[in-house]
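Please examine the sequence and the structure shown below. The paragraphs that follow lead through the main features in turn.

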Amino acid sequence: MVKVVLPELGEGIEKATLSYWFFKVGDKVSAKDDLVELTTDKATFNLPSPCSGILSEIFFHEGDSVNIAETLATIEEE
Amino acid sequence: MQLNLLNLGLIPFEEALGFQKELHLRAREGNISQSLILCRHMPVITLGRSADKKNILASEEELNKMMIKVIRTERGGDATYHGPGQEIIYPILNLNNFKKDIRWFLRGLEEVIIRSLSVYGLQGKRFSGFTGVWINQRKIASIGIAIKNWTTFHGVSLNLLSSDLTNYKLIRPCGMDISMTSLEDELGRIIDFKEIEENLVNKFSGVFNN
């Protein structure tokens, strides 16, 4: 199982708001697919899927605030 | 590092987005790591990812009559208006070659505008927590960007002509009750597009060290 973690986004940025899931739980994802999009200040940014597999669990929903280093989702590797 | 410049002139929003996406792909693949698109748009309202449709104040009928489309985009921010009296810059930078820091990039874009305004003796200001550039509580430049795989697209619009400001009444810009201003309003004269474009390119090169 691979965790999808919110990485460092730059100095002084401690959190971001989840703005869009490109997949839902149970979907098959490929490595490097756009998985989730977050927003901070006036910028959106994507997190690509770290591996290929099935999106098994998501811990945050659209509109939720997420701290840096928190786990957003898990992927069951193929 | 060489800056790839593309001046599209007056162009519909969607067409310019097509150019952005193509250059974005090239930048992500590492072929051209930095491009700057300059353009102006026909009247259009765009909604950022976090936009609330309630921030469009005009009715659908009114917008149809004015032939103003509403387009949802993947950029950050709320509702904004674009028209031919604005100069727009869309920087396509692969931040892996600069600094992987979202605020560094946003503050850099504000700096490009502040330095461009200073050419005309105007003092552009930042307000902490409100991305953009302001002159005496009035907003002159708006910023909304998207970053995919640490490569940027979307960008900055700078209000040049006062004639375009009336259309801001169609929306609540950025979801706030704010006043907008333009270079013409501040200076009492019209600056040639070509001149402001040259300034923006020079200042952009200075800030992002090309």
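Within what distance do the axes of α3(B) and helix α5 (residues 193–207) of chain B come, and at what angle do they cross? The axes come within 9 Å and cross at roughly 135°; axes are lines fitted to C-alpha atoms, for helices over the stretch in contact, and angles run from 0 to 180 degrees between N-to-C directions. Therefore α3(B) is oblique to α5(B), given that angles under 35 degrees count as roughly parallel, over 145 as roughly antiparallel, 65 to 115 as roughly perpendicular and the rest as oblique. On the side of α3(B), the contact is made by residues including B:Gly108, B:Glu111 and B:Val112, and on the side of α5(B) by residues including B:Asn199, B:Leu200 and B:Phe204. Two residues are in contact if their C-beta atoms, placed from the backbone, lie within 7 Å. Helices (H or I, at least four residues) and strands (E, at least two) are DSSP runs, numbered from the N terminus.

This is a predicted model, in which local features need pLDDT of at least 70 and side-chain atom pairs count only at pLDDT 80 or more, while totals for chains, interfaces and linings use all residues. Residues are numbered from 1 along each chain as its sequence is written, and chains are lettered from A and ligands numbered from 1 in the order in which they are written.

The largest nonpolar core has 54 residues; such a core is a set of buried Ala, Val, Leu, Ile, Met, Phe, Trp, Tyr and Cys residues joined through C-beta atoms within 7 Å. A residue is buried if 20 or more other C-beta atoms lie within 10 Å of its own, exposed if 12 or fewer, and partly exposed in between, with C-beta atoms placed from the backbone. Helix α3 (residues 102–118) of chain B gives the most to this core, with seven residues. B:Ile89 is among the residues with the most contacts inside the core. Not counting residues up to four places away in sequence, B:Ile89 touches B:Leu36, B:Leu38, B:Gly155, B:Val156, B:Leu200 and B:Phe204.

Chain A has zero helices and eight strands. Of its 78 residues, 31% count as buried. The C-alpha atoms of chain A fill a box of roughly 35 × 20 × 20 Å, taken along the principal axes.

The two chains also meet. The contact takes 20 residues from chain B and 17 residues from chain A. On the side of chain B that touches chain A, α3 and β9 (138–148) each supply at least two residues, and β9(B) gives the most, with six residues.
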